[in-house]
2 protein chains.
Amino acid sequence: MGLEQVLDATSVAVVGASKKETKRGYQAIKTLIEEKFEGRIYPVNPKEESILGLPCYAKVSDIEDPVEMVLITTPATTLPEILEDCGKKGVAGAVIIAGGFGELGKDGKELEGRIVDIARENNIRIIGPNTSGMMNLKRNLNLVGLRDVPKGGIALICQSGNMALSLITEASIKSQQGFSYYVGIGNEADLKFHEYLEFFQEDPGTTAILMYVEGMRDGRKFLQQAYQTTRKKPIVMLKSGRSATGKLSAGSHTGALAGISEVAAAAFRRAGIIVIKNSDELFPAAETLASLPHIGRKSIAILADGGGHATIAADELTDLGVTIEPLGEKTQKRLRKILPRGASVRNPVDVAGGADENPAVFADCAEILLHDPQVGGLLIVGLFGGYSIRFAEDLAFVEEDAAHRMGKLVKDSHKPIIVHSLYNHARPHSLDLLRYYGIPVYDALETACKCIAVLAEYGSYLRSYHAKSKFVFSKGRKSKPRGREIFRLAREEGRNALFEYEAKELIGLHGGPVSENYLVHSQKEAAAAAAQFEGAVALKIVSHDILHKTDAGGVKLNLKTSDEVRRRYSEIMKDALAYDPDASIRGVLVEAMMGQGLEVIIGTKTDDQFGPVIMFGIGGIMVEVLKDVVFRVLPISERSARRMIEKIRSVELLNGFRGKPPVDKKAIKELLLTISEIVGSYDDIQEIDLNPVIVYEQGLSIADARIILKKDMKISNW
Amino acid sequence: MGLEQVLDATSVAVVGASKKETKRGYQAIKTLIEEKFEGRIYPVNPKEESILGLPCYAKVSDIEDPVEMVLITTPATTLPEILEDCGKKGVAGAVIIAGGFGELGKDGKELEGRIVDIARENNIRIIGPNTSGMMNLKRNLNLVGLRDVPKGGIALICQSGNMALSLITEASIKSQQGFSYYVGIGNEADLKFHEYLEFFQEDPGTTAILMYVEGMRDGRKFLQQAYQTTRKKPIVMLKSGRSATGKLSAGSHTGALAGISEVAAAAFRRAGIIVIKNSDELFPAAETLASLPHIGRKSIAILADGGGHATIAADELTDLGVTIEPLGEKTQKRLRKILPRGASVRNPVDVAGGADENPAVFADCAEILLHDPQVGGLLIVGLFGGYSIRFAEDLAFVEEDAAHRMGKLVKDSHKPIIVHSLYNHARPHSLDLLRYYGIPVYDALETACKCIAVLAEYGSYLRSYHAKSKFVFSKGRKSKPRGREIFRLAREEGRNALFEYEAKELIGLHGGPVSENYLVHSQKEAAAAAAQFEGAVALKIVSHDILHKTDAGGVKLNLKTSDEVRRRYSEIMKDALAYDPDASIRGVLVEAMMGQGLEVIIGTKTDDQFGPVIMFGIGGIMVEVLKDVVFRVLPISERSARRMIEKIRSVELLNGFRGKPPVDKKAIKELLLTISEIVGSYDDIQEIDLNPVIVYEQGLSIADARIILKKDMKISNW
């Protein structure tokens, strides 16, 4: 079932309806009436006959006509009964305003669980609890206290009431863009972020989705949905709770867990989401993406009427990763024709006083610039809109004409213009005209830069999307029965980890490069196994009770003779028992010695919100001292695996350093993909640790492999 | 001579005065008259009798009364003659508006040089050329086109006309703070940044200095002055031209060179300057520092009326390095008494609806918070000022009373409050009241955070200032004659570098740890020298023509016997001649082999703008792959040297890594100071390169030392 009946409801009951003007149950009905909700309103309150001229019902099930949506303003404890009653009536959705659930600890969590269970049994979807409400601006279905919310193409999903108020206020004052829907996500007890996303993706009135997030209940599903959604519509997100204090503060107000921020931010970006760090840029970015075409594989032009702004804009855009390439000779020539001698025409273009008496020069330049096929978008910085204020009043008409021309230019060229104006605060008519055409105008230079940058970022994401390969788990499909057997055995033996040789077998099953090894149980077997190898061998103890093999004297390297193997075997046994007399010893693993190469580390972990994530780093000081590692949420594509390797700060070490040959990056990539596949193929894995992996000019060896099992197995489903 | 006669002039001549309304020479006089300049105005134009009712003079020297200042609006080529004439009259200063000088290449540079020479001969100080002008708002001495500039405590030094316009416009609209002086720095041909700084430091009307800089002619003198100035008054600076495009753009409009940005930013910060990256935060930071007390060794409290803003503020402040400590139990208790049950009182404090009916709660909380001795300042975020708009009109009076109370609280407690308000744009009276008391109010949350952060940054700088040791060059004072001799010899021989043994001798003269070495000229001498050492020795060729000794086979290590030494000596000689048959060979250096240790690199360079800078890094991949180095402008104090070492990303390698003992950081620090002293003691040094320096658990050895001489010796004076 979609969410149409919930978010596009045509009939609403208000439970907790009141005659008292300060009560939410009064205000809600008043708002619905005054904002002309295109549907029926049913006040529910056993103590009243009618409210605001509408007949009042004792309970929802008393209402004769169908009710799609219920707004419940009564306290937490009343909820179970009310929801049961709504169930009888066949209600599709409920907005639960009350707090006092999951965010207040154990008792609240229990109550929350109960109402979710009741809702599920009765096919009711819940928005909240602990939410500011929901709005559908198309239908004037306003279930929030806020009035006069501007209408437009932005669907807002918000985890903080005062952030919603901020964003809506900003839209009313500073923009001509507005909202299609608003959802206060609340405790996310039933309806989750990804379900709203799925709905807004299909809603024809929504052109961009704006999210303020403190924590998510199911980050993994959200990411999977976002991958789909961002192909059709941009998503702009601010995720707060980065800092320890911020996390605490977020935690104390919605009860949401703030996840591993860096991993989250990277995962969001990979899903095509525009992640915003500065809250002041959140609405502008959404406004821009909702109003303007994104930028293709092209450079941006900067048009200024003074060097200072041009320089700062160039700095800022460069920091934001936007390319500002020199303009082609033809375009430079055309600009030179209309600009004074002192002007710069390279990019940034500085009209250098050329607009003082004729601000229409901005439109002239904009036309030349956007007609250049190499220019993908235009950022105008400086005084435009204020020439009439600064120089002569008559220039207002010239500026207004220029605004019309630029507005049409955006439509015709399908390329965006964004304007920074020093005079934005004065609200000259010319700037309102620009906004009318969907050209946003900002007084903060950095905001204008950020907005043109997000158009480029989104364009670049869409372009690269097709280049991404699919996540197909095929290589090891045939091997899965044997793989499952390995895990089953470990579980049966009550182990929470695989033995090294089991881990290696599993990796081998899925096509990973593992070398031959033998599990032996005596000096004689050890010597016989060693004889199977050409060069020197290594012995390693196999015991579930000995986690740190080296500390227990359980690793002997570079053994060259049969004698040596025998002697070392007994040493291992002796030392192991000295280390832990009760250790259960499964045997000793005999392997060929590995060659010299570069040590790297590959590992996976399971995050509470995002599920399995994979880590890659170069061994030794790079990881231990510099924490130079890259994380990705699993599964990863071939492209992601390649990018993980290239993203390491010390990547030069892989490329051949100080005359050493480059190492086999392709082999690393293949191993990352194999590990991704393995984690995706079995639900048992909590953690994998391949440390070290030795990489050669050609190929690699996994020197040690540990796989930790999940404690309480749940059936995961991806 | 100070700049009083220039910047506080009581009489002004306008050369290029005009009757044409669009001309600068008309507007300048009109502005002076209308803004009521407290001094005399003399139009100068040979073709007019009088302008705007003032008698007009043919040339400056025709004016009978004394003239302190001249504003020159005529083109570049007229300048030499006009300045000569001003000289006759004994004028103290001139603002030169015209462009067409240094910023336009070679010819312009020549003309600029000429007018500076004329000015110097005639004791005239020049502001500009290529400047928008100068303003002294105390005296209404307005030599810029801009009108209605708000008066206040900020002295503005600006290298871009439109940035000045931006900042002044921002002040008029959004602030009650204003300006004491404005100087358009222009080409900085004569008067330099540091001279203005020196003046504003002493000006009683100036409480903060605001700078927009694209490039500096003499960064070194500026830094020296800034060290002095920031002890008395805060300096806020935005330095643009970080990016390649930005540099180009800056270059094309003022002809200033953008220096090594990272070094510059670090040097500015060390001089106590508040460096701002985001241009939208530039005026707010200056406004705050000009209006409010800075924050001592204390935590900041956040007061919010909603979780979202509190969380974002906590994140942002943490990113900015500000500590937000949990409040003491006593303060939490006091807050709990006045706030509703759901409120958070830990820090951030969230009143959680406690202000909805009574926004005076903000003042109540502010009083409790600022009376806590552990709280150094307060950031209020959210809706304050808008309760009357959002909830009930009557609340306006409550908010106004609260504003009065908070204003007085700042005065009494000497602790700052900064306010973020969603309703700032609506300009409620309560927020104007806050501004009246010097409490800035911002609609951007990030700006408010940044402003409280700069108060903490400045406070922390002032606190740490006393901890800094002086730069005293004493250790090697006695050795300077011998040091000079070494350089003289190299110069006489036409060399541009010292020999390794000379470099080491020089370092030794100043107390640096250099080991014994012998310069030998035959196998026999080599063997005899080697016999002086107990262990193995190294041989290195000494030749001005062989830069890369190893490539030329000129280094032989670990020689243990007399025979080996002789054999290797001949090899070195043979290989050297094979490498370069014309190489002039001074001999071979015999040194003891150095022990195993950690390799570090110490070097110095000479930057165009900032003079000598020193670099430190850990050898090998850390420097070569990760560019993990720290720069400082020389000279450095003991504290700086210590901090350089601690700032290395891979500092853990020095602290003992993987069971290795820590290396002797004190010895590194001493060597950094020795090198600082050496660079400061001789004007000859262009570059020093100690690579590698081998550091042990105790002490260190300089394995190789290169000192490059300056090409054209100038007498430097620091």
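Q: What makes residues 252–259 of chain A a stretch to read with care?
A: This is a predicted model, and pLDDT, the predictor's confidence on a scale from 0 to 100, stays under 50 over residues 252–259 of chain A. Where pLDDT is low, the predicted coordinates should not be read in detail. The model still has 32 contacts beyond four places in sequence for residues 252–259 of chain A. Residues 713–718 of chain A also have a pLDDT under 50, with 5 contacts beyond four places in sequence.

Q: What is the average pLDDT of chain A?
A: The average for chain A is 89, and 94% of the residues score at least 70. For the complex, the predictor gives an ipTM of 0.77 and a pTM of 0.81.

Q: How do you know which residues of chain A count as buried, and what share of the 718 do they make up?
A: The test is 20 or more other C-beta atoms within 10 Å of the residue's own. By that test, buried residues make up 52% of the 718 in chain A. Chain A has 24 helices and 29 strands, and its C-alpha trace spans about 100 × 80 × 40 Å along the principal axes. Of the contacts in chain A with a separation of 6 or more, 72% are between residues 24 or more positions apart.

Q: Why is A:Lys19 called partly exposed?
A: A:Lys19 has 16 other C-beta atoms within 10 Å. A residue is buried at 20 or more and exposed at 12 or fewer, so with 16 A:Lys19 falls in between and is partly exposed. A:Lys19 lies in the loop between strand S1 (11–15) and H2 of chain A. Beyond four places in sequence, A:Lys19 touches A:Tyr26, A:Glu48 and A:Ile51.

Q: Why does A:Lys36 count as exposed?
A: The limit for exposed is 12 or fewer neighbours, and A:Lys36 has 9 C-beta neighbours inside 10 Å, so A:Lys36 counts as exposed. A:Lys36 is in the loop between helix H2 (24–34) and strand S2 (40–44) of chain A, and has a positive phi of about 60° although it is not a glycine.

Q: What makes B:Asp148 exposed?
A: B:Asp148 has 7 C-beta neighbours inside 10 Å, which is within the limit of 12 or fewer, so B:Asp148 counts as exposed. B:Asp148 also has a positive phi, about 50°, without being a glycine. The loop that holds B:Asp148 runs between strand S9 (141–142) and strand S10 (151–158) of chain B.

Q: What makes helix H10 (residues 282–291) of chain B mostly covered?
A: 10 of its 10 residues are buried. Among these buried residues of H10(B) are B:Phe283, B:Glu287, B:Thr288 and B:Ser291.

Q: Why are H3(B) and H4(B) called roughly parallel?
A: The axes of helix H3 (residues 79–89) and helix H4 (residues 106–121) of chain B cross at roughly 5° and come within 9 Å. Angles under 35 degrees count as roughly parallel, and H3(B) and H4(B) are therefore roughly parallel to each other. In this contact, residues of H3(B) including B:Leu79, B:Leu83 and B:Glu84 meet residues of H4(B) including B:Arg114, B:Ile115 and B:Ile118. The contact residues divide into 6 nonpolar, 1 polar and 3 charged.

Q: Which residues touch the most other members of the largest nonpolar core?
A: They are A:Ile302 and B:Ile302, in a core of 420 residues. In soluble globular proteins, nonpolar side chains tend to be buried together. Beyond its neighbours within four places in sequence, B:Ile302 is in contact with residues including B:Ala310, B:Ile324, B:Asn347, B:Pro348 and B:Leu379.

Q: What kind of peptide bond joins B:Asn347 and B:Pro348?
A: The bond is cis, with omega about 0°. B:Pro348 is in the loop between helix H12 (329–338) and strand S16 (349–350) of chain B. A cis bond also joins B:Asn691 and B:Pro692, where omega is about -5°; B:Pro692 is in strand S27 (residues 685–695) of chain B.

Q: How many residues of chain A are in contact with chain B?
A: 54 residues of chain A are in contact with 54 residues of chain B. H11(A) gives the most to the side of chain A that touches chain B, with 10 residues. By class, that side has 18 nonpolar, 26 polar and 10 charged residues.

Key
Residues are numbered from 1 along each chain as its sequence is written. Chains are lettered from A and ligands numbered from 1 in the order in which they are written. Helices (H or I, at least four residues) and strands (E, at least two) are DSSP runs, numbered from the N terminus. Axes are lines fitted to C-alpha atoms, for helices over the stretch in contact, and angles run from 0 to 180 degrees between N-to-C directions. Angles under 35 degrees count as roughly parallel, over 145 as roughly antiparallel, 65 to 115 as roughly perpendicular and the rest as oblique. Two residues are in contact if their C-beta atoms, placed from the backbone, lie within 7 Å. Ala, Val, Leu, Ile, Met, Phe, Trp, Tyr, Cys and Pro count as nonpolar, Asp, Glu, Lys and Arg as charged, and the others, Gly among them, as polar. A nonpolar core is a set of buried Ala, Val, Leu, Ile, Met, Phe, Trp, Tyr and Cys residues joined through C-beta atoms within 7 Å.
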